[in-house]
Amino acid sequence: MKIVRTVKGLREDRLAVHNQIGFVPTMGSLHDGHLSLIDLARQNSDYVVVSIFVNPTQFNNPEDLNHYPRNLEKDLKLLETKNVDLVFCPDEQEIYSNQTSPTRLEPSGLAEKMEGKFRPGHFSGVCTIVNILFNLIQPHVAVFGEKDFQQLRIIQEMVSDLKLPIKIIAAPIYREANGLAASSRNQRLSSEERQNAAIINQSLELAKHLVAEGETKSAEVIKQVKSQLANYKELTIEYLTINNAESLEEVEIVSNHHRIFFAGYLNQVRLIDNKLL
Ligand code: AMP
């Protein structure tokens, strides 16, 4: 496994590779969810590149950036066991050259909804870094998780709008044994909180069940999900909406091709999840 920390080194290595390249961008503190993306990249390419970079331009909250877990040595060991071909793990200066206000990409209108309302500039930062990484790595395929469903849709639109010759593959949400969506942030929860946070997935399952039983009113589904979530007082909801999976518009009448989206806080740790209804 090659470990590359500089843009210059990456360019040299990229020129030497003629295989079909599969790319998985991450912010590190890797868990089984990330590993499932690497497996998908492996199935769809013959040279797997993983990047580890905690991207400052996508954090609107400096506290969140400071607290973001970092475990590079552990991550590299894990990637070694997955036979990853190349890991790109630059430092901040390597990517942004100490620029206080670097060139940024403006994402499509999808970025204004849900996460965009609570994390201004977040998706601009995401598109900026993903585009930089795409330019450097020039992958044939890149894998993104449905855990960050809005991000996946925005990247799909970016690739289409900028005519990038990259196939985007969507990876299903990987869940811990109790159903909680795996996330690097989960390690900031106590073991009790981590168990109790299973209620998020359970309440989204309830929504799915209600729709399967014939409920069509979005407001009614949301009301029942909220009432279940209210059983866990420490959990606060930031948003809970049912949206069209393509346009990400909120819907009033629900059907089983729509998605329910949750964002909230548990003890200052921000958690998100979503589910196809
Ligand atoms: P992150 O390191 O959180 O930026 O995530 C890197 C990639 O892994 C993104 O495409 C995420 O959507 C994806 N990812 C993170 N957690 C999960 C999960 N539990 N299931 C599926 N994909 C995930």
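By class, how many residues in the shell around the ligand are nonpolar, polar and charged? This is a predicted model, and in it the shell has nine nonpolar, five polar and two charged residues.

**The ligand and its neighbours**

In total, 16 residues surround the ligand.

| Residue | Part of the residue | Ligand atom | Distance |
|---|---|---|---|
| His-34 | side chain N or O | oxygen | 2.8 Å |
| Asp-148 | side chain N or O | oxygen | 2.6 Å |
| Ala-182 | backbone N or O | nitrogen | 2.8 Å |

On its own, the ligand has 480 Å² of accessible area, and the protein covers 93% of that. Which elements give two or more residues to the shell? They are strand 2 (21-26), helix 2 (32-43) and strand 5 (141-145).

**The space around it**

The structure holds three cavities of 30 Å³ or more. The largest cavity has a volume of about 850 Å³, and this is where the ligand sits.

A lining of 47 residues surrounds the largest cavity. Nearest its centre lie Met-27, His-34, Lys-147, Asp-148 and Gln-151. By class, this lining has 24 nonpolar, 15 polar and eight charged residues.

Which element gives the largest share of the lining? Helix 7 does, with six residues. Elements that each supply at least two lining residues include helix 7 (122-137), helix 8 (149-161), strand 8 (258-266) and strand 9 (269-276). Strand 2, helix 2 and strand 5 belong to that list as well.

Key:
Residues numbered from 1 in each chain as written. Predicted model: local features only at pLDDT ≥ 70, side-chain atom pairs only at ≥ 80, totals over all residues. Heavy atoms only, no water. Near = heavy atom within 4 Å. Polar contact = N/O pair within 3.5 Å; in protein donor to acceptor, adjacent residues only side chain to side chain. Areas by Shrake-Rupley, 256 points an atom, 1.4 Å probe, with all protein chains shown as cover. 1 Å grid on protein atoms, 1.4 Å probe; cavity = no way out; pocket = protein on both sides within 12 Å on 5 of 7 lines; lining within 4 Å. Sits in = over half its atoms within 2 Å of the grid points. Helix = DSSP H or I, 4+ residues; strand = E, 2+ residues; numbered from the N terminus. Nonpolar A, V, L, I, M, F, W, Y, C, P; charged D, E, K, R; others polar. Points joined across faces, edges and corners; volume = space filled by probe spheres on them.
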